[in-house]
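Hi,

Have a look at it, then read on.

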Amino acid sequence: MNLLVVGGGGREHTIIKKLKENPAVESIYALPGNGGIAADAICVPEIGAKDISAIVEFAKSNAIDFAVVAPDDPLALGCVDRLHEAGIPCFGPDAKAARIEASKVFSKNLMKKYGIPTASYEVFNDPAKAMAYLEETNTFPIVIKADGLALGKGVLIPQNLEEARDAVKSIMEDKTFGDSGNEIVIEEFLTGPEVSVLAFTDGTAIAPMVSSMDHKRIGDGDTGLNTGGMGTIAPNPCYTKEIAKVCMDTIFLPTLAAMRTEGCPFKGCLYFGLMLTPNGPRVIEYNCRFGDPETQVVLPLLKTDLLTVMQAVENETLADLTVEWHDGAAACVILASGGYPEAYEKGKVMTLPQTTPANVAIIHAGSKLVGDQLVTNGGRVLGVTATAPTLKEALADAYAAAETVEFEGKYMRRDIGQRALAAMEEQ
C-alpha cells in the first residue's frame, strides 16, 4: 500500500513510525514532512499542509491507497472532503465535523444544547461588551479563548481585571491570532487535574486511547507562558476506571450523538481535553485530531495495528474491532529552541546519538535537512519518547536519551511527569 500523511510535526512523525509497522505498507509520503521524518518517509517539502489542491493532485497522481490528515488547519479547510471526492480513502473528520475544534463557539454551544458537562461561558464579538462583562462579574482567574484555530495558544487565563483587559485587546483588537479572534469565549475557571483522552471513532462506535497528561507551561513547576506542550506521560494516574466510565456515559457517547444529530457525524480521532473537577469531569476543549505531544506517548502503547484501526474508522466498522493496548507507561520530553514560545533562532546544527535503546524514539517536530545535516527549524524541535514497565523508568530513559542530543540553545523542562508520580504516591 502507498500511504500519504499530511503534516510535518512530531505528531505526524509518530503516526508514520506506527504505520510503518504494518507489513502491507510499501511507501509513505509526508506532505510536507520534516528533516527527521525523511528517515522514515518520502517527504514532499514543496507541498504545505494547507495546500489542499496540491495534496489532492499528489494523491491522485501517486496512486495513494490511504491518506491520514493529521493537523487541524487542513481538516478545517476540508482536506478530507476533497480527498473523498477524489475517491481516496482517508482518516480524519470532514470540515463540518472539524468545527468541533475550529470554532470554540460551535463546540461550547453544542455542549450547552446537549447537556454535556463543561464550564459556564458567554460569547462576545464586541470587545467593549466583553470588557463590560468582565468588569461586572469581576471574578478571577477567568478563561478567555479565541474562537478559531490558534496553534494551541489561543487560550489566556487572566488573574485580574488588568490582565483581562490586555487579553481582550490582544485577541480582539490587536488580532494576535488573526481572524480567529473575531469572536471570543469567556468561561469560568475550573480546578482539578487535567486529563487528555484521544479516541478513535467512526461516528457511532468509539475506542478511547490510553489517557495522558500534558505539560503546557514553558517552565518547571508549571510556570511561565503557555506552549504547544513541553512533555507528556501516559497513562494519566488521575484517570481511573470509575472516572472513565463516567466520561463515556456523560461526555464521549453524548458528544458523538450530538454531532450525528447536528448532521455532522465525527469520524477520525476526537480529542477530549478534560478537567476532573470536584463536581465531576468537565470538557475544557475538543480537538478534531491527534494531540501533539500526546500522540508521542499514546501511540507507542497501541498494540493493535494502527492502519487497521484507521481503516475500520473510515469503513465504519470500528465496532467489529478490539483495540488493544500494551501495559506499562510512556513519557515524552520536548527539546525546544531557547526563547520559545517567544522569539527564537532557527538553523542550529543538531548532534543526535547514532543509536538509541529499543524502548526510546527520537521524534522530530521542528527539524530541517540542510544537505545531510539536521538543523533546528521550529520552537519545539524534538520529542524524546520512552516506554517502560513503570512511569518512573520511562521518565528516566527519556531524560537519559534527551541528554545525548545537542544543539545550541537546547531547552527542556526538568519536571515532566513529577505531578503524575506524586498523584500515584497519594493513591
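E403 is partly exposed, with a relative accessible area of 42% (buried means under 20%, exposed over 50%, and partly exposed in between, using a 1.4 Å probe and protein chains only). R414 also counts as partly exposed, at 48% relative accessibility. The side chains of E403 and R414 meet in a salt bridge, 2.5 Å from N to O (that is, a side-chain nitrogen of Lys or Arg within 4 Å of a carboxyl oxygen of Asp or Glu). Both residues sit in the loop between helix 12 (391-402) and helix 13 (418-426), so their contact ties together parts that are 11 residues apart in sequence. Helices (H or I, at least four residues) and strands (E, at least two) are DSSP runs, numbered from the N terminus.

Before going further, a word on the numbers. This is a predicted model, where local features need pLDDT of at least 70 and side-chain atom pairs count only at pLDDT 80 or more, while totals for chains, interfaces and linings use all residues. Residues are numbered from 1 along each chain as its sequence is written, and side-chain values use heavy atoms, with hydrogens and water left out.

Back to the salt bridges: the count comes to 23. One of them joins K20 and D40, at 2.9 Å from N to O. K20 lies in the loop between helix 1 (10-19) and strand 2 (27-32), and D40 in the loop between strand 2 and strand 3 (42-43), so this pair ties together parts that are 20 residues apart in sequence. K20 is partly exposed at 41%, whereas D40 is buried at 17%.

Another is K267 with E316, whose closest N and O atoms are 3.2 Å apart. They link distant parts of the chain, 49 residues apart: K267 is in the loop between helix 9 (241-261) and strand 16 (268-277), and E316 in the loop between helix 11 (306-314) and strand 18 (329-336). K267 counts as buried, at 19% relative accessibility. There is also a network of salt bridges linking D222, R413, D415 and R419.

The structure holds 1 cavity of 30 Å³ or more (a set of points on a 1 Å grid over the protein atoms alone where a 1.4 Å probe fits but cannot get out; lining residues have an atom within 4 Å of a point). The lining includes I15, F91, C269 and R289, and divides into 9 nonpolar, 1 polar and 1 charged residue (Ala, Val, Leu, Ile, Met, Phe, Trp, Tyr, Cys and Pro count as nonpolar, Asp, Glu, Lys and Arg as charged, and the others as polar).

Cheers

Methods:
On a 1 Å grid over the protein atoms alone, a cavity is a set of points where a 1.4 Å probe fits but cannot get out, and a pocket is an open set with protein on both sides within 12 Å along at least five of seven lines; lining residues have an atom within 4 Å of a point. Grid points are joined across faces, edges and corners, and a volume is the space filled by probe spheres set on the points.
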